Amino acid sequence: MGRKAKFGDDGAVKQIKGPGRKAKKQKPPKMLPGLPKLEGEDEPKKLSHRQKQRASRRTKKKEERKLIKKEKKKGVKKDDNVKNNNEESDATKNIKSEIVKQFSDSNSSWLKSKNSKSIIPEKDDDIESYDSDSDVDDENEEENGLESFDEDGLSDDDDYLAGTLDDVDSSNESGIEEDTVLKKKKTSTKKRKAEESDDELLPIEKAAKKLKAAKKKEDAEANEEMKMQINVASQDVFVFPASDKIDEHIPIPEVEQRIKDILLVLSNFNKFREENRSRQEYTELLLKDLCTYFSYNTFLMEKMMHLFPLEDLMSFLEASETPRPVTIRTNSLKTRRRDLAQALINRGVNLDPIGNWSKVGLVVYNSTVPIGATPEYLAGHYMLQAASSMLPVMALAPQENEHILDMCSAPGGKASHIAAIMKNTGVLIANDVNKNRAKAVIGNFHRMGIANSVISTYDGRHIPQLFKNFDRVLLDAPCTGTGVISKDSGVKMSKDETDLQRCFTLQRELLLAAIDSLNFKSSTGGYLVYSTCSVLAEENECVIDYALKKRDVKLVDTGLTFGTEGFTNLRQHRFHPTMKLTKRFYPHTHNMDGFFVAKLKKFSNIIPKNDESEDNEEEIDTNNVDAETTEVEDIVEKPVANIKKPKHGRGKNRAVKNK
């Protein structure tokens, strides 16, 4: 609450000078006579440093005022008095105008400004004219033995002269503080000016400014890269070991460093190579070190070096050492992926969708329960299956009510996927030559509720003599397993040239048998998908190229949205141009097992023969069919016009008429 307003006769508010009733300072308490004095009561109160400064300033001001009054009493010239009065009036006018700017009420004539640094005149005469009443107040307070302090602990005089330099004592501490304050003010003003200039800029100018800053940053990064390259170039060139020291055993860290050095030399051979050293010598040393570091045999490492460029070779070998993420496939016959994911999350499984390319796959990061023993797994809601194993079935694209053959089905992951897409319609023949592995197919089919399948254990090469006229065939051929080294590390040392020869010979026979069991007249199919878990060209492109020459089939698009194209040429091999329609998958690029997928379409039962291979290869006659063979829909006879004539009378036309 403030003071009560008093109105005059004319209704105007009377301005009352001096502090209000509540603002008056209380007098010190008077002690009653006879009471004992407290300890230290007679001792004078110790003043702080600032209080001492204020007291010295007050004494100086009082002395100056006394001197001015004495001079006025003695008599000063009139002109000087007039000038002083004019200066005082100008100063008071300026002060009053500034006060009016700060205060909008009618009490501006007696209110004192707190922010008085810019308003205070420098002359003491102006101070006296401006604050004539303050002398009276100071004298009254001095008589009472009191000092006038504000709420902040500053006196009234300090409020006036807080910013003058003459009254401040020159000390080291104050000087340092002033310097820091000035520096802060300068930096703040610079920032303020920069912000104001940015606000004034047009949007185009702001964008140009950002581009310049980004360009400066890029130039700085480029300079750093150049320095790094210079440092690399200035390093010691790799010294090729002597012939007698190549076979010496060295620690694994040194082998790793030597591999990096050789790769650096081979990346820019003309610059970093030693004189009189061929590229073959460096590659042979690299082959030896890679076999030592990754524990491969020489044959398999040579195949890898022929398959991958040196930049990708190390990435592939390192990725093959680490296991792939655990993935599961939802059984759409019993549940949906969303419901399955929610149920597994509630059991403490951390999982995510496998990707946009699959609607049933889930990738499991970690789990508090065993994934292969949950109630959902036992109920057949999902199956543990690698991500790459889902790709051949997606490429096959089975339809409902079709006759489909899975020639090598164990343990039943792909076959159960086919049955789920068919929605338990049609007929699915799940064949596998190994009877022990076929037991796993039976168990998985019972668990997952598959009812449209027939499980057989025939040799796949004899399938055309037993079953025919399939709409679609899936052949996941047995292979060396070079794409799944992370699962079976024994492949690195166990596979040799003989194993590879056996594998791709068996793969060729199985592929021809699968093509012969297809019905090219099928209204919905006539497709075959060939897949392997190998990355070697001998088991993939070479086998497909062989089938293109031996049967009337062509490669078609797999329908897979990702993956690298197959090879059309590799070292001395030259494959069919349509081989780019096949898909390859690698651990270091797609984070899944190494895989190969090719999709073929059959156009007729004609078996073309090359003249060069007639003398070396036996005829394949499909007329000799056992009595147990299923019915053939139509008997197709080859037109005479399509029969090839022998060249220059050599040999006989061996085109076979299929029945």
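**View 1. N469 is a buried residue in a loop.** With a relative accessible area of 16%, N469 counts as buried (under 20% relative accessible area; exposed is over 50% and partly exposed lies in between, with a 1.4 Å probe and protein chains only). N469 lies in the loop between β7 (453-456) and β8 (472-476). Its phi is near 60°, a positive value in a residue other than glycine. Most residues other than glycine have a negative phi, and most peptide bonds are trans.

This is a predicted model: local features need pLDDT of at least 70, side-chain atom pairs count only at pLDDT 80 or more, and totals for chains, interfaces and linings use all residues. Residues are numbered from 1 along each chain as its sequence is written, and side-chain values use heavy atoms, with hydrogens and water left out.

View 2. The chain holds 21 helices and 15 strands. Helices (H or I, at least four residues) and strands (E, at least two) are DSSP runs, numbered from the N terminus. Of the 659 residues, 37% count as buried. Take the contacts in the chain with a separation of 6 or more: residues 24 or more positions apart account for 71% of them. Contact means heavy atoms within 4.5 Å.

**View 3. N276 is an exposed residue in a loop.** The loop between α9 (269-272) and α10 holds N276. N276 has a relative accessible area of 76%, so it counts as exposed. Phi of N276 is near 65°, a positive value in a residue other than glycine.

**View 4. Helix α8 packs on helix α10.** Two packed helices are described by the angle between their axes and the distance between the axes. Here α8 (residues 252-267) and α10 (residues 279-294) meet at an angle of about 145°, with axes 10 Å apart. Axes are lines fitted to C-alpha atoms, for helices over the stretch in contact, and angles run from 0 to 180 degrees between N-to-C directions. The crossing is left-handed (the near helix is turned anticlockwise from the far one by less than a right angle; clockwise is right-handed). On the α8 side, the contact includes I252, V255, I259, I262 and L266. On the α10 side, Y282, L285, L286, D289 and Y293 are among the residues that take part. By class, the contact has twelve nonpolar, two polar and four charged residues. Ala, Val, Leu, Ile, Met, Phe, Trp, Tyr, Cys and Pro count as nonpolar, Asp, Glu, Lys and Arg as charged, and the others, Gly among them, as polar.

**View 5. Helix α10 also meets helix α11.** The axes of α10 and α11 (residues 298-307) come within 10 Å and cross at roughly 120°. That makes α10 oblique to α11. Angles under 35 degrees count as roughly parallel, over 145 as roughly antiparallel, 65 to 115 as roughly perpendicular and the rest as oblique. This crossing is right-handed. In α10, T283, L286, L287, L290 and C291 meet T298, M301, E302 and M305 of α11. These residues divide into six nonpolar, two polar and one charged.

**View 6. A cis peptide bond joins A410 and P411.** Omega of this bond is about 5°. P411 sits in the loop between β5 (403-406) and α16 (413-422).

**View 7. Helix α19 crosses helix α20.** Helices α19 (residues 497-516) and α20 (residues 541-550) pack at about 40°, with axes 10 Å apart. The two are therefore oblique to each other. α19 passes α20 in a right-handed crossing. F504, Q507, R508, L511, L512 and I515 of α19 touch V543, I544, Y546, A547 and K550 of α20. Eight of the contact residues are nonpolar, one is polar and two are charged.

**View 8. Helix α20 is mostly covered.** Eight of its ten residues are buried. They are E541, C542, V543, I544, D545, A547, L548 and K550. Their cover includes α19, β9 (527-532), β10 (553-556), β13 (573-574), β14 (583-585) and β15 (595-602).

**View 9. D516 pairs with R551.** D516 belongs to α19. At 14% relative accessibility, D516 counts as buried. Its side chain makes a polar contact with the side chain of R551, at 2.8 Å. A polar contact is a pair of N or O atoms within 3.5 Å; within protein, one must be able to donate a hydrogen and the other to accept it, and residues adjacent in sequence count only if both atoms are side-chain atoms.

**View 10. P577 lies in the loop between β13 and β14.** P577 counts as exposed, at 56% relative accessibility. P577 and F567 are ten residues apart in sequence and 9.0 Å apart in space, C-alpha to C-alpha.
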